[in-house]
Structures are given as structure tokens and as C-alpha cells.
There are 2 protein chains.
Amino acid sequence: MNSTPRSTSPVSPQPWQRPNSVGLVEPHDFRFAEPPDQMVLESGRTLGPVDLRYETYGELNAARDNAVLVFHATSGSHHAAGYHTPGDRRPGWWDAMIGPGKAFDTNRYHVVCSNFIGGCHGSTGPASVDPATGKPYGVHFPVITIGDMVTAQRELVRHLGLDKIYCVAGGSMGGMQALEWTVRFPEMVQSAIILASTATISAQGIAFHAIGRNAITTDPGWHEGNYYGRDHPRRGLATARMVGHLTYLSDESLGQRFGRKLQERDRFEYDFSHEFEVESYLDYKGRQFAEQFDANSYLYITKAMDYYDLNGRSGGLAAAFGPSHAKFLLASFTSDWLYPSRQSKAIVSALMQAGNDVSYVEIDSPHGHDSFLIETERQTRVISSFLASVRQRRQ
Amino acid sequence: MNSTPRSTSPVSPQPWQRPNSVGLVEPHDFRFAEPPDQMVLESGRTLGPVDLRYETYGELNAARDNAVLVFHATSGSHHAAGYHTPGDRRPGWWDAMIGPGKAFDTNRYHVVCSNFIGGCHGSTGPASVDPATGKPYGVHFPVITIGDMVTAQRELVRHLGLDKIYCVAGGSMGGMQALEWTVRFPEMVQSAIILASTATISAQGIAFHAIGRNAITTDPGWHEGNYYGRDHPRRGLATARMVGHLTYLSDESLGQRFGRKLQERDRFEYDFSHEFEVESYLDYKGRQFAEQFDANSYLYITKAMDYYDLNGRSGGLAAAFGPSHAKFLLASFTSDWLYPSRQSKAIVSALMQAGNDVSYVEIDSPHGHDSFLIETERQTRVISSFLASVRQRRQ
């Protein structure tokens, strides 16, 4: 036969080796507020030392003016993009949006994401050791606010030597942190991207959080928060997560994905097993979360959200945005009933009243509140062009 | 002084003495399916004896053709109107709608309401004694369906000597029973009123129920359903009810009633007490329900709803209504996100396709799914005129 020798087919690259991946990344730790110079919280209580675990993607430029702060929500962490090991199956929580050529283009921007205080992924939270007792804080950890989280992030930004922030960005609770950055440090923030978020948690939002906290604190395994070193309140935490997870989805997306499909059977068995697929799915999501998350952190994080109320600040929402010179992009999603579009529109309206430069898009999506984690393509188009417009404005 | 003697002011009548009240009422019991003639359930299992507790209001006429069957939902009972004792503070659950001159006018109609099987207010349910063991059924009670509830009600109707039913009526799960009557016994039903209901529970509906069941069955106090005679899973049941109750309300009504109001304080205390009024309210509602309801009944009732799927019957919804000659009234409520208007509209559309006479009204209300228990005035207008039109049609 006259054929040319077959070339050896190249080994297909691992996910972390793909050209649009930030590749292998590692977390860093930053400590501040070493006693006696503790951090003073909004409650008046103090906290210290404070550890923040964070990751960065993309290079800081020579002018040190290309930093993008990305904030995570309840179920995220500092690990927003890339892989920790070559064998990692799952990348960071917003990997679809952060990387070379992606919405937050790491060829251009230096992206920073830190685990917020009160969390359970390496930053100081209720599972951390209280230096006063040598034991985990548990519920002796002080109640914190979105403002406290942002104040701690400000310390990290100082440590990284950043005076200007090109963009603050986040979805859901991450959007609250971004909003808070614009009102708390208006001189530093050049632009802000707020996705599927709200300036104020409504009574319904508080109520859903209260159910989750109730499920945790009525679990006998909670032991008033002192469960460290023994079993944890996994049942209560799983229930709390099931409630939370359901509020992140929509009737429409659940209908499309599950409808009334049965789980591994073709007719009703008339028992209390998980007969419907959606039951099995939700149960799995609850249990999975309960193995990975600290129940006390769940209490503190939902509480921080409950307190969030930019509308309630002196002078109202427009006054709160008064000092900001940032350019804003807001996006909401048609099927998000947790933080519905009207809450984003209220922010847009206040920003316009305050004379800010604001773009707003309502994205038609069936994926409910979770859309900001799912609607990659459409968000990428909007965010890329927004970030480009910030560049043009600056030039 | 020249004044006339002051007349003794009349003692103001007690609520049960008011002219539009059905007054003092008492429940009745009916037993059928005595072994060996047990009731055969949709699952193929059998149940017997079966007790139904019921109440009636207004007289049955000589023609025995003025009976209105009213069906209750999760939190109701056979006690739909009137008072059990002169000292009763709370009337039956739909007292605002049933009585002389009210929507279901007891001067005209003979209203019958029974506690459904699987319930815990006197009809046979999981807390009843299993004649095979002499102990409460617990989870050995057979899983039941809306169809089974209706089949049992058919026995009661036979016992009462009724061949024709003037109207079947209910809201929410009560509406499912009314729908089921029209497709199961089409020759008997002359009209049907379906409020805030659905022909099929969606994946989201199943998911909310699954969370409630999960909260109950993961409470260590549940003891696999064998808690009778000792403490019951009050924490799990309270959590389940909190979830359920929240789905009955709307963001709007919660905002109007509670907003972000604080509970007995004027500033945040930064602790895990119920700082917001809405937290305290929901906690109270959960605990109150847990003292009055049987946790196992909650499992069975939500399961019966999950199975409900008229859309899924052979030939679809329109075919299901084919044999019916009833006149229908459907009402949905703008802020009801549990059984939103589009689910009522789907029923209306199928009824029209099947050639039925159907009226539909979407009532603008902020009260969410619970609107059918709250919007007395507007429902009364619509229902009164609908029932009058049924009379005219018959004449």
C-alpha cells in the first residue's frame, strides 16, 4: 500500500490544558487584624486575626489598574476558575466566565476572588479557632454583614497593592458585595457588574433563610453550634439546602428537566421512596451540600444577607449611590423569582437618579436565579462589551 | 333632669348567633367498608373499615337536589362553617363563604364537608387503629390518592341519599377533589367551582412537598412513623409547615404585612433570635400547626397531591372532561405562584375543547395561593352569580 504513515494522534488536552482555561491554580492566604489591632465589625464587636483565602487569575499590569474583583455567593468559594490538580474533575465555580478570551478575559484582567469571612473554605468563620478559647468559634463567632465582608476584602486589596479596581462583579450575594464596594469605596471602583441580585432582601427572602436556619438549629446534631470534632447537623443542613436550591431554580426549568418523570420505575409504587426524579435530585443536592459545607457558616451567611438593605440607608438607594463614579452593568433573568427583575430595575432607577452611567439587560432564561451561573454565552457577550466600554471611557 | 330612662342596651350577639352564621354545628361520623367488604384503593391495596367525619349546613330540600359538596385542603377539616360550642373563638375554615346569604347560601343549599381519608381530623388515616394489629397504622397505612378520597366521599353521598350533586367546590387541593368528582362521577355533578387549583402538580410542587416530607422523616422523633403514644416529630413537621405556608403567601403580601420590620426592637441586635417579624410569624405558624396536625398525615396528603395528574390521563385533559356535563367556574389569583393562573387556564382551555360550559375569572389579589381563603367579597360575587346561573340552566 502506498499510504503515508499515519501521524500519531495527539493526546487530547486535559481540561486544565485547554487554551481558554486559566490552567492549574493555587489558593493563597492573607492574614490581617492580628490582635490587638482587631477588625471592628458593623455590630461593634471585634474579630481577629482574620484570614482570607483567595485566588488570582491573569497578570496584574504594570500600571496596577486591571484588577477585577469577583465575589462568590452562598455555594461558591475563592476557587472561581481553573483546576487545583491535573486530576481535578471540576473547575472553579465561574470557570465558564473567567479565562483567556472569556467574559472576564485573563489576557487582559487580573481577576481576584476571595472566600468571604464567615465562610468555610479557608477564610475566618465559625469553624475557625477562636484565639480566646483555643476552640472553634461556633456560634460565638460574631454576626457579620455584607459590609464586614467587603471591609475585609478591602484589606486584601491593600495587601495586593491595588489602589484602583477596574471592576467589581458578582451574582446574587456576590452582587451585594459588588454593590457594597461601590458605595463603601466609591473612589476606588471604576465599574461594577451586578447579576441576579438585589439591594435589599425582601420579607420572602428573609423567610426562606429563616426556614433554612430553623432546619439546622432544630437538628439535634447541631448541639447549639458545638458540633465540631463530632458529627454535624447534616440532616438540617441538607433540608436547608434543599429549600435554598429550590429557590434558585424555576418552575419552568424544573418542568423542562424533570417534569413528572419517575425515578427508575415506569409506574407508581405507592410508597415513600423517591418516586419522582425531582425528589431524588433535590435529596442528592441537599446531601451533597451537607458533606461540603459548615452548618454554622450557613447560619451566618444567610443572616448577613438578611441584613442587607441598601434601600434602607439614610436618604434611600439613590443617595447611597451618590458618591459613586462607577459605570454599572446590571442583568436580571426573566424566570428568577428569588431576586426578580423589578429589584434590579429599582437599582437601575436609583443609579440613574444619582447620575450614574448604567446599562441594564433583562435576559430571557428559564433557569431561574441560577441563570447567572448557567447563561454563559449571553452574559459573555454583554459583559465583554461592557468591560470594553469601560476601557474606552478611561482612555 | 327630664331625660327618658336609658334603654338597656341589648347584649351584642355572640358570633354564632349572628344572622349570617350557620350557628352551632356538630360533626357526624359515617363508617363503611367494614371487612371483609373493604375499599379497594388505586394502588390495589385495601382499606377498611373507613370512617368519614363530616358536617352539613342548610337543609336538604324535598327533591334532594340542592347538595353542595365542599372539599378542604391541607390545613382544613370537615369543620367548614359555624361553631362547635358557644365559647368557640374560631369558626370553621370557610365560614366567610358558607352561611345564610353567603356565597354558599345555606338558605338555599345543603352544604356537606367531610374530612378526607388520610387526614387527621376524625376520618380514617395513619393515626387510626389498624384492625389487623390493634395499633395505629403509622406508615403501614396505604398510600392514597385524590381519587381514593373522592371514592370514599361517594360512599358518604350514597349514605346521605343523594343522587345528584348541585355543585362540587374547593380551593387548592379541595379543587383537585372537585375536579376529580367531575371526571369520576360525571353523571352526578351539575356544577363545579375550582379555585386556585391545578389539574396536575408540577415538578416544583412535588419538590416543595418532598422538602416537607424530608423534614419530617429526618426528624429523629419520627421513629419511622411509630411515634404515637410518645412525642411526635414536631420540629420536622413545623419545618414542613413553614415551607408549605410560605408557598401559600406571596412576596407582595409578605412585603405589605411584614416588610423588613423588626420584632420588638428598633435596631439589629446581631444575634440569631428572630430579629425580623416575618421570622417570628413563620416560626409561630410552624409550631402552631405542629401541635394540631399528625405528621404522618402530612406525608400521605402531600403524596396524594403529587400523584394528581389529570393531564397525564389517557387522551389528556380534554378527554378526561369528555363525559362531564357540568357547568364550571374556575378562579385563579394573580399573585398565586404555587398554582399560577396558567394552570387554571389550561383547565379552562381543555374544558372548552371538551364542549363544557365554563366561566373563568382571574382575580387581582396580593394574597398568593391563600387568596381563596381571604378574597371573600370578590369570590362571593362571582360564586353567587355562578350558582344562580346553574339554577337558571336547570329550570
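Predicted model: local features only at pLDDT ≥ 70, side-chain atom pairs only at ≥ 80, totals over all residues.

**Salt bridges**

Counted over all chains, the salt bridges come to 42. Three of them are set out here.

| Pair | N to O distance |
|---|---|
| B:Glu279 and A:Arg213 | 2.8 Å |
| B:Lys303 and A:Glu275 | 3.0 Å |
| B:Arg53 and B:Asp29 | 2.9 Å |

Let's start with B:Glu279 and A:Arg213, whose side chains meet in a salt bridge. This pair crosses between chains: B:Glu279 sits in helix α6 (residues 277-292) of chain B, and A:Arg213 belongs to helix α3 (residues 203-217) of chain A. Both B:Glu279 and A:Arg213 are buried.

B:Lys303 and A:Glu275 also reach from one chain to the other. Here B:Lys303 comes from helix α7 (residues 295-307) of chain B, while A:Glu275 lies in the loop between α5 (251-257) and α6 (277-292) of chain A. Buried is again the word for B:Lys303, and for A:Glu275 too.

What about B:Arg53 and B:Asp29? That pair links distant parts of chain B, with B:Arg53 in strand β4 (residues 50-57) and B:Asp29 in strand β1 (residues 28-32), 24 residues apart. B:Arg53 has a relative accessible area of 28%, so it counts as partly exposed. B:Asp29 is partly exposed as well, because its relative accessibility is 47%.

Back in chain A, there is also a network: A:Glu42, A:Glu180, A:Arg184 and A:Arg313 are joined by salt bridges that share partners.

Over in chain B, α1(B) has 14 residues and runs 20 Å from its first C-alpha to its last, close to the expected 20 Å. Why call α1(B) largely enclosed by the rest of the structure? Because ten of its 14 residues are buried. Among them are B:Ile146, B:Met149, B:Val150, B:Gln153, B:Arg154 and B:Val157.

Those six residues turn up again where α1(B) meets helix α2 (residues 173-184) of chain B. The axes of the two helices come within 9 Å and cross at roughly 70°, which means that α1(B) is roughly perpendicular to α2(B). Their crossing is right-handed. On the α2(B) side, the contact includes B:Met173, B:Met176, B:Gln177, B:Glu180, B:Trp181 and B:Arg184.

How do helix α3 (residues 203-217) of chain B and α7(B) pack? Their axes are 10 Å apart, at an angle of about 160°, so α3(B) is roughly antiparallel to α7(B). This crossing is left-handed. Residues of α3(B) in the contact include B:Ile206, B:His209 and B:Arg213, and those of α7(B) include B:Tyr298, B:Leu299 and B:Lys303.

A:Ser172 is found in the loop between β11 (167-171) and α2 (173-184) of chain A. At 7% relative accessibility, A:Ser172 is buried. Beyond its neighbours within four places in sequence, A:Ser172 is in contact with A:Ala73, A:Leu195, A:Ala196, A:Ser197, A:Tyr339, A:His369 and A:Phe372.

A:Met352, in helix α9 (residues 341-353) of chain A, is exposed with a relative accessible area of 56%. From A:Met352 to A:Lys135 is 49 Å, C-alpha to C-alpha, and 217 residues in sequence.

Most residues other than glycine have a negative phi, and most peptide bonds are trans. Against that background, chain A has a few places to check.

A cis peptide bond joins A:Pro35 and A:Pro36, with omega about 10°. A:Pro36 lies in the loop between β1 (28-32) and β2 (39-40) of chain A. The bond from A:Gly48 to A:Pro49 is cis too, with omega near -5°, and A:Pro49 is in the loop between β3 (46-47) and β4 (50-57) of chain A.

As for phi, A:Glu264 has a positive value near 50°, and A:Tyr270 has a positive phi near 50°. A:Glu264 sits in the loop between α5 and α6 of chain A, and A:Tyr270 is in the loop between α5 and α6 as well. Buried or exposed? A:Glu264 is exposed at 77% relative accessibility, whereas A:Tyr270 is buried at 18%.

Methods
Residues numbered from 1 in each chain as written. Chains lettered and ligands numbered in written order. Heavy atoms only, no water. Salt bridge = Lys/Arg side-chain N within 4 Å of Asp/Glu carboxyl O. Helix = DSSP H or I, 4+ residues; strand = E, 2+ residues; numbered from the N terminus. Buried < 20%, exposed > 50% of the residue type's maximum accessible area, 1.4 Å probe, protein only. Axes fitted to C-alpha atoms, helices over the stretch in contact; angles between N-to-C directions. Parallel < 35°, antiparallel > 145°, perpendicular 65-115°, else oblique. Left-handed = near helix turned anticlockwise from the far one by under 90°. Contact = heavy atoms within 4.5 Å. Expected span 1.5 Å × (residues − 1).
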